[in-house]
Amino acid sequence: MTASEFGCTLSELRALMDLRGGEALAHVNKKFGGIEGLCAKLKTDPINGLSNEKSSLEERRRIFGKNEIPSAPSKSFLRLAWEALQDITLIILLVSALVSLGLSFYKPPEDLVTGEHSANESEAGVGEREAGWIEGAAILLAVIVVVLVTALNDWSKEKQFRGLQAKIETEHKFSVIRNGEALDTVVTELVVGDIARVKYGDLLPADGLLIQSNDLKVDESSLTGESDLIRKCPESDPVLLSGTHAMEGSGKMVITAVGMNSQTGIIMTLLGAAKGTSSKKSANTVAPEEEVNGTTSEMERKQSVDSTEYDSKLSKSVLQAKLSALAIQIGYMGFIVAGATVVILIVRHCITHYGINHEAFKSSDIAYFVNFIIVGVTVLVIAVPEGLPLAITLSLTYSVKKMMKDNNLVRHLDACETMGNATAICSDKTGTLTTNRMTAVQSFINGIFHKEYVPKFEQLNEKTRQLLIEGISINSGYNSHVMQPEKLGEQKTQLGNKTECALLGFVLDLGQSYESVRKEHPEESLVKVYTFNSVRKSMMTVVRITNGYRVYAKGASEIILARCSYLLGQDGKVEAFDTEQQQQMTRNVIEPMASDGLRTIGLAYKDYKSKAEEAAENDTVYEGEIDWENEEAVRMGMTAIAIIGIQDPVRPEVPAAIERCQKAGITVRMVTGDNINTARSIATSCGILKPGGGFLALEGREFNERIRDSNGKVNQAKLDAVWPRLRVLARAQPTDKYILVKGIINSKSTKNREVVAVTGDGTNDAPALKKADVGFAMGIAGTDVAKEASDIILTDDNFTSIVKAVMWGRNVYDSISKFLQFQLTVNVVAVTVAFIGACAINDSPLKAVQMLWVNLIMDTLASLALATELPTENLLKRKPYGRTKSLISRTMVKNIIGHAIFQLAVLFIILFWGDKFIPGVENGRWAPLNSPPSKHFTIIFNAFVLMTLMNEINSRKVHGERNVFKDLFTNPLFCVIWVLTLISQVLIVQFGGAWVSTAPLNEIHWAVCVACAFGTLLWGQVLATIPSKVLPKFFSFGGGEVQPTSVLVTGEYDSGDGLVKGMSKEDQKRPGQMLWLLGLTRLQTQMRVIRAFQTNACTTHPSSLTTSTAERLRASYRRLQLAREREEQRRIHSARFDEEIRIDNVPKDATAVKFL
């Protein structure tokens, strides 16, 4: 098959999809001879679809393109290393090391030899100079190691995220017809000419034209900004666009444009989000007009630089917000101490040499000042917590990979740790708490209540059974099927909507075939379909009958009965059905079914007859055309056929999971659209409602009455009086779920504020899923819209997976706490030793290369070891932290200060008196510059590192546990890293020599260092005996209401409240200290990939259209529009300015837009 064999070209199809509404329809009719003609030109069958032959599908991809937007190539390792090198502290260290290296080779003119200089001293000076280059080279080497380790981490993170993104891509499937059979295929496999089935809640993955539709309404706000739903039908507006959402109804479309040639792909190309936007073009990609004409503006090219400038406040998780504030505080403290260290060293040197000793300044003295700067910068390196984002990254990525095995597909990384703080879960019932394997077990037909068995087909009245079988078979989605088991004793396979499958199963249990009924009434022959949605809570289908039409209806039993004026009674006799009889049926049929935990579904019908003489008493006579858009008139005056009771049993593992949640301090609430009695029965069997608990179970109507004021507005005080006791919300509308979630989150009636998780599967659940701190979408039953709005997708739709997410979330929080406790102890000790050393002995006992090694242990290796602990059941035995709980608890502060005091005491004793009581140790204090390494300072360095390693074991427990070795060997990565670090330390000390300023130690010296290390473990037990509660409350910090900060842990800036009037954003200078801090902490480098992933599951370079959500496209358009407006304002402002000060010939780039 070649391009010439098709009756239309790629550019013709692309031009067609640029048209809308009637204009598109007229073009199709004129150019292609209607939609059927277009299908013929594309060599596709509107009913049976394409052949599933692999070679023909590949040929279509070659000619018309693949349905994916090519992702940008991953950054190379060298590029990542270069970005890691942009850290300002490393740059200063590099420059200092190069200067130090240069000075070591620079030989100043020899001073006149006086009588004071002995020959031996001259030789020593020469030896020092010869050894001087080693420190500079060692610092260079250490910086290279740090850069390579950082780049390696970034590279592995990027690789992991690409894998995660690929996993999310394969989760998105779409229904197509091939060889006459419906099948779900991954969206990237779709081709031009495919016949695709569109249903309620779908995110459209390609452009196409409607062949047939049933009440289809589409949300096109992602492309047009139009908030109203657009009605689509083949007769008036057949155009369907990728990236839009089907909010109501269903239909079939022929795909006409995919990937880069779809409307979403074109926009992505303009925004520079796709590879090869302005350079190479593949053979099956048509360039946008602006690029063909060579008029692509600078603004459009620069869109790809950064797309966050005009976004509103960057969203932050609770942990991120707390860590941001903490990072800033520690950064400032480190900056102050480092600056003070440099100043003290320089001042002291000047006073001693130039003031007291009256020495003249020599060029060789520059080496001293360079050394002081190196000491100061290394203090800064060790003080600044750049390991924090790495620890977060490692902990989150490790957890996300493990959570996949627990059926949690995490779309937004921060949701993982937020889940650990969850205090409330608002869960759906169907499929989450229940099995979602529905079976019709009770029925009320012709006045007889069949409670224990399914009635026999022959026993039913002839007219009733015909209406029953037809009503169920036709008035269901034609993509819902029940497959008979392959082996005896196995369950039937249910495909599609589970409620419909239960009803179709009821037809099969009656010994009838729904397939034969559907063949008599194919989907194309249906006059009108009113698809189910959460507002209607029912579905209606209109079919033609002799001399008229018949409307079949099914839905929630109370709603269907409320629309009925008649009932099929005994022997199929039509009986009047008034309000009193409706109440009687509710009492005698619906409530007993609901009390058994059954969902009750009502079935009804209504006949329209054109001739009055043929009409029965329950028929409606019509003249002329029926207004099918008048839904209110169509659905009233119906005749009830039957009430079916559907059983959806509680998952056997759910009661135990809910009990675990309750013990963990998490309140579980059920929010369902079901009957209050059904909801109450299921909630009781799950353990959500308990006898004598004083809990509330409300219907949506009563809930609204209780929480709204006289003006109908939600009153937070009234809501606060309801939600703490509320456990079940039945017959809930999606707005009710949203109001409940928003009210709980905003409530300040509890001490630590609530963190709310929500589950949802429907399109209308999207607002609540977005509002929640963590939104869980159903992977099986969930619509694409719900999945796009969620943070985590439950791939098995099971509540127990939420409990696992809680465990992993708490584990992440604990991992960060462990690392914080470890890092802050090292920070305090290293900075204090360096500072006191500078003040007391004019030198830091810990040399620059040694501190870089400690920094490497502290940042990379420790974060890797502590961030990969597995969660245990003990995590669920404590209460959640909530929104305002302190990040660093009193227990942690006690451990940090306690261990810092112990380590400082040991190090200062060795520093000032070690040469007096340790055999074979000479005084290393006041050693001249470039003097050989001393055993004295080597013992200090070694004792410090060994105590740090032992403290790493102590840091595994942050809640005051005594046994720090518990479950140690369940984390092999921790053990391996710990042992490797120890071996590396031994090698560095014994063989490092001048490169790391160490001298080899003997057995006694090692014994002293090891004794100090084990003293750390013993001291930890002493600290564990001190109760944390005796410490004052101000000892905990990082808590309270989270305030917005200018720098996030991701290295981003809050974009503020927009532009200052009359001043463009780039003209508003950022605070100098913030810019310094940002460069200082290396946060941006280490969290680059996370930043992209958190926005929307790696939105930087989507590899297909599944991530093209409404928000991203709207934001893209908004950025384009704002950039153009801003450019116009700048041009006008510039013109006025030029005119006022009369400066001519000033070159001005009127098109450049700088995205920071």
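This section describes the overall makeup of the protein chain, a nonpolar surface patch and the cysteines. The model is predicted.

The protein chain contains 38 helices and 27 strands. Of its 1156 residues, 56% are buried. When contacts between residues at least 6 apart in sequence are considered, 76% are found to join residues at least 24 apart.

A nonpolar patch lies on the surface and is formed by V976, V979, L980, I983, L987 and F991. Together these residues have about 600 Å² of accessible area. The relative accessible area of L987 is 47%. L987 is therefore classed as partly exposed, since that class lies between the buried limit of under 20% and the exposed limit of over 50%.

With regard to the cysteines, zero disulfides are present in the structure. For C1009, the closest cysteine sulfur belongs to C1012. The two sulfur atoms are 6.3 Å apart, which is too far for a bond, because a disulfide requires cysteine sulfur atoms within 2.5 Å. C1009 has a relative accessibility of 0% and so counts as buried. C661 likewise counts as buried, at 2% relative accessibility.

Note on methods:
Residues numbered from 1 in each chain as written. Predicted model: local features only at pLDDT ≥ 70, side-chain atom pairs only at ≥ 80, totals over all residues. Heavy atoms only, no water. Patch = residues over 30% accessible without salt bridge, like charges linked within 9 Å, V, L, I, M, F, W, Y side chains within 5 Å. Areas by Shrake-Rupley, 256 points an atom, 1.4 Å probe, with all protein chains shown as cover. Salt bridge = Lys/Arg side-chain N within 4 Å of Asp/Glu carboxyl O. Buried < 20%, exposed > 50% of the residue type's maximum accessible area, 1.4 Å probe, protein only. Helix = DSSP H or I, 4+ residues; strand = E, 2+ residues; numbered from the N terminus. Contact = heavy atoms within 4.5 Å.
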